[in-house]
Amino acid sequence: MDTFLWVIVPYLCLTTFVVGHFWRYRYDKFGWTTRSSQLYEDRLLRLGSPLFHFGMLGVVGGHIIGLLLPQSWTDAVGISHEAYHVVAVTGGLIAGVMTVVGMVILIYRRRTVGPVFSATTVMDKVMYAFLAAAIVLGMWNTVAGSVMTVGGEYNYREGVSIWYRSFLAFQPDASLMGDAPIGFQLHALVAFGLFALWPFTRLVHVFSAPVGYLTRPYIVYRGRDELLGSHRPRRGWDDSRV
Amino acid sequence: MKVMAQMAMVMNLDKCIGCHTCSVTCKQAWTNRTGTEYVWFNNVETRPGQGYPRTYEDQEEWKGGWELNSRGRLKLKAGGRLKKLATIFSNPKLPSIQDYYEPWTYDYATLTDAPAQEHTPVARPKSLLTGKNMKIKWSSNWDDDLGGSAATAKYDPMLKKIADKVKFEFEQTFMFYLPRICEHCLNPSCAASCPSGAIYKRAEDGIVLVDQDRCRGWRMCVSGCPYKKVYFNHRTGKAEKCTFCFPRIEVGLPTVCAETCVGRLRYIGLVLYDADRVLEAASVPDEHDLYEAQRSILLDPDDPEVVRAAEAAGIPADWIDAAQRSPIHALINKFKVALPLHPEYRTMPMVWYIPPLSPVIDVVRDTGEDAEDTGNLFAAIDALRIPIEYLAELFTAGDVAPVDRVLKQLAAMRSYMRDINMGREPNPAIPAAVGMTEEEMYDMYRLLAIAKYDERYVIPAAHSEQAHSLEELGTECAVSEYGGGQQDLFGEGSGVPTPIAVENFQMLQNRQTADTLASPDDKGSRVNLLNWDGRGKPSGLFPPRPDGPGEVAEGSTPDTSHDGETGPGGTGGLTGGADFR
């Protein structure tokens, strides 16, 4: 069972994530967009969207540090476990609260503002369910696990993180995850579900973060003969139908 | 000197009758789709008026275009690159749909299928965004012909600048129409605002386009454009804008708006400009100098030096020839009667306008004086400060002198030509009074009054050796794919790209067959006959056959044997007969 949940399922999701993005980019550049609904409604979005997105940037940063940075490294530079814990929980709580508040505003907006609700696809709703579940479970792990220490203390840096790195190194150690508290297990599973859905949702816009804007010239000139985007050169003959 | 060619347009506002034909044909061609219901690439505004979207010209509010920073350098009015990225999660200056208008349709079906009742059934307006009943409050030309302007015209940002004097003269007011399309600027702030770099200026003809595959829907272009001529398609989540009908231009045809213009007031042609001096011209400190600065970077195509530089820059000889015959060059730089729209936005717009003399003429005629007499007209131009100042706010950043000069040229032409038409001796003093020779005056009259199709539209086609890759001809794609293409994946328009030409716009086709407006559960799909070319059989066009399994049976027994049984019309035979698969 451990092997299925913590080896097979994650790799299936990772494969879907990678191949799915490649496929989507190859065949659906036109659909690759934020699908913004700001045109319909501005007041709630102005509050909720920056809260959610900036909170999310913090959350992602925290995950990168927590999952990818081995405990031995922070020990080596003299950061004690307690000091790390305090910083991580504080930062995590701030980012997490921002994300949750932003998310609540955005979901409320999506449900109550008529045009926004009409523009919501089934895929959006599925994605929202997974995203919200992952965020809520993540907050639960932080608040209940680390702050209130419900069900004993658990140092994820000695369990989940090592499993995650072993997973990325293609030498997964499923037992580490199997021993983790149920909250972490559910959070990881929901997150992997979200990763599998990712390429088929509007979340792809994450990979379009326009950092190139900082360096490119203001006015872009492009020749007609490039025909990028609108038209790809195709073969000049047709399949035989005989 | 780096010579580049720019396709440009001039509109002669004196001839605009405000019929909106350009808007309607443009909409039918380009924005007749879900997601762009509220979008008018071409719209006609009544001035004074708020425009579309409402008060778009108030850049203190909307922050479109460029401005000079404290060091005199050009910067985006809405803030630079870092600020753009910092506010990317919620664009601070995006007009809401209410600033345009909430698109709607009417529930026409109730008119025919309502049960018998005491009162006549009505077609209620339904929002195209929510499908619910709505109250219509505004639209793209709600204040057409000054309708309701007594209440709303005071919000006109241009009128506000000269507001004090208008109040008492508003009864004897002036009115004219302002048709607007994308300006295809030399220094486009929409392109500069785009975080993804999806908006580009075509190197060959300067047409500004949005790459639909690169646009990620950040909406900064909508805020960046001071003319608000980039629109957000709320269905696809991508920006769209006027394309200058490039598939038509490439084969030498004028744009749809120009082609269908009833007043024949639009001119299309090439200008050559010095790309190296665009930034310098856009950065002149005094706004009043912007008109002259922009005029000065447009090069004289008859200058041998310019021709040499153009050839060196790879501009084909027939394009240079077209630039020499260009009516745009003549109107902007030879007769100098065309003026740019809002040069103070510093985007170097390339759709120019000949300001209307008609408000002045109307006033003179109403007084009973001779409205063709130069003396009367000149006096009126001097006296009617408010219309002139208003025009100056539109076309010369508030500088009255150029508008004054142009109107006097137009008035002089009127008087001078009347003498000729009446068989009297032409008076050389009239052209001289506005600094023109008799010959120039007559040439200007020819171009403004009687220029034929090929003089109004001097459009060099793209080159025949590239023709196979042009959108409108599109012979690079296999024939069977032309109408079909691969239509799966995510929603409309995805899959193998099909040529973007209007006639086979895949999205348009999808819309017609999948249109379930406001989701009428009790009705089948609706068919838009406007775009049915008579070939093929859109599903839902004909009712299912009473005896058959829904659709016309294909490939079974020959249709002729069925015809007798299908009853009147024989619709089954009509489509089945052509089907020899």
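Figure 1. C215(B) counts as buried because its relative accessibility is 7%, and C225(B) is buried because its relative accessible area is 8%. For this label, buried means under 20% relative accessible area, exposed means over 50%, and partly exposed is in between (1.4 Å probe, protein chains only).

A word on what you're looking at: this is a predicted model, where local features need pLDDT of at least 70 and side-chain atom pairs count only at pLDDT 80 or more, while totals for chains, interfaces and linings use all residues. Residues are numbered from 1 along each chain as its sequence is written, chains are lettered from A and ligands numbered from 1 in the order in which they are written, and side-chain values use heavy atoms, with hydrogens and water left out.

**Figure 2. Chain B as a whole.** Chain B has 27 helices and 14 strands. Both are DSSP runs numbered from the N terminus: helices are H or I with at least four residues, strands are E with at least two. Of the 581 residues in chain B, 55% are buried. Take the contacts in chain B with a separation of 6 or more, and 68% of them come from residues 24 or more positions apart; a contact means heavy atoms within 4.5 Å. The accessible surface of chain B is about 24,300 Å², with 53% of that belonging to carbon and sulfur atoms (Shrake-Rupley method, 1.4 Å probe; for residues, only the protein chains shown count as cover).

**Figure 3. The largest nonpolar core.** A nonpolar core is a set of buried Ala, Val, Leu, Ile, Met, Phe, Trp, Tyr and Cys residues joined through side-chain atoms within 4.5 Å. The largest one has 164 residues, and the members touching the most others are V10(B), Y38(B), I268(B), L272(B), L331(B) and F395(B). Helix 21 of chain B (residues 400–421) gives the most to this core, 10 residues in total. A second, separate core has 19 residues, including W6(A), Y11(A), F184(A) and F192(A).

**Figure 4. F395(B) and its ring partner.** Which residues does F395(B) contact, leaving aside neighbours within four places in sequence? They are L13(B), L178(B), L339(B), P340(B), L341(B), H342(B), P343(B), Y353(B) and P355(B). Over all chains there are 35 aromatic pairs, meaning rings of Phe, Tyr and Trp (its six-membered ring) with centres within 6.5 Å; planes under 30 degrees apart are stacked, over 60 edge-to-face, and the rest tilted. Y353(B) and F395(B) make a tilted pair, 5.7 Å centre to centre with 35° between the planes. This pair links distant parts of the chain, as Y353(B) is in strand 14 (residues 351–354) and F395(B) in helix 20 (residues 385–395) of chain B, 42 residues apart. Y353(B) and F395(B) are both buried.

**Figure 5. Lysines over rings.** The charged end of K27(B) sits over the ring of W40(B), 4.9 Å from its centre. K408(B) has its charged end over the ring of F378(B), 5.7 Å from the centre. To count, NZ of Lys or CZ of Arg must be within 6 Å of the ring centre and within 35 degrees of the ring normal.

Figure 6. Most residues other than glycine have a negative phi, and most peptide bonds are trans. L146(B), though not a glycine, has a positive phi of about 65°. L146(B) lies in the loop between strand 6 (125–127) and helix 6 (149–152), and counts as buried because its relative accessibility is 17%. A cis peptide bond joins R47(B) and P48(B), with omega about 0°. Another cis peptide bond joins Y52(B) and P53(B), with omega about -5°. P48(B) is in the loop between strand 2 (43–47) and helix 2 (59–62) of chain B.
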